[in-house]
Amino acid sequence: MGLQEEFEEYCAKAKTLPLSTPNYDENKLILYGLFKQATVGPVNTSCPGTQDKAKSWDAWKAVEGKSKEEAMNDYITKVKQLLEEVSAA
């Protein structure tokens with residue numbers, strides 16, 4: 001399986017993470033930033049005005065220097081970690 005296919009598989013798995021996942025909101029933002037970096041690349045918009053959207057933008061901006069491949073690998077690793085935490089709880 002190639003990196004793109006594995007990334008897509010873990011994108012689907014991320015959608016199944018329960019709200020009881022430790023630090024759910026924080027981890028959701030981390031995954032959002034990695035997903036955007038992997039699929040869009042560097043931030044290409046200005047920071048939005050609303051607080052919730054600004055948090056998402058900040059999460060994306062935080063990983064701006066990563067390559068597409070690095071972001072995909074980090075996303076996969078993070079989802080694996082979260083799935084392990086959920087199954088251990």
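**View 1. Leu 83 lies in helix α4 of a predicted model.** Helices (H or I, at least four residues) and strands (E, at least two) are DSSP runs, numbered from the N terminus. Leu 83 is partly exposed, at a relative accessible area of 28%; buried means under 20%, exposed over 50%, and partly exposed in between (1.4 Å probe, protein chains only). Not counting residues up to four places away in sequence, Leu 83 touches Tyr 10, Lys 13 and Leu 17, where contact means heavy atoms within 4.5 Å. The C-alpha atoms of Leu 83 and Ala 14 are separated by 8.4 Å, although these residues are 69 apart along the chain.

**View 2. Glu 84 is placed in helix α4.** Glu 84 has a relative accessible area of 54% and is therefore exposed.

**View 3. The largest nonpolar core has 15 residues.** α1 (3-14), α2 (24-39) and α4 (68-88) each supply at least two residues of this core. The largest share, six residues, comes from α4. A nonpolar core is a set of buried Ala, Val, Leu, Ile, Met, Phe, Trp, Tyr and Cys residues joined through side-chain atoms within 4.5 Å. Phe 7, Ala 14, Leu 31, Leu 34, Ala 38, Tyr 75 and Val 79 have the most contacts inside the core. For Leu 34, leaving aside neighbours within four places in sequence, the contacts are Val 63, Lys 66, Ala 71, Asp 74 and Tyr 75.

**View 4. Helix α3 covers residues 51-61.** Ala 54, Ser 56, Trp 57, Ala 59 and Trp 60 of this helix are buried. The buried residues of α3 pack against α2.

**View 5. The loop between α1 and α2 holds Thr 21 and Asn 23.** Thr 21 is buried, at 3% relative accessible area. Beyond its neighbours within four places in sequence, Thr 21 is in contact with Leu 82 and Val 86. Asn 23, in contrast, counts as exposed at 54% relative accessibility. Asn 23 has a positive phi of about 50° although it is not a glycine. Most residues other than glycine have a negative phi.

View 6. Along the sequence the pattern is α-α-α-α. The radius of gyration of the protein chain is 13 Å, close to the 12 Å that the globule rule gives for 89 residues, so the chain is as compact as a globular protein of that length. This radius is taken over C-alpha atoms, and the globule rule is 2.2 Å times the number of residues to the power 0.38. The C-alpha trace spans about 40 × 30 × 15 Å along its principal axes. Buried residues make up 31% of the 89 residues. Of the contacts between residues at least 6 apart in sequence, 73% join residues at least 24 apart.

**Notes.** Residues are numbered from 1 along each chain as its sequence is written, and side-chain values use heavy atoms, with hydrogens and water left out. In this predicted model, local features need pLDDT of at least 70 and side-chain atom pairs count only at pLDDT 80 or more, while totals for chains, interfaces and linings use all residues.
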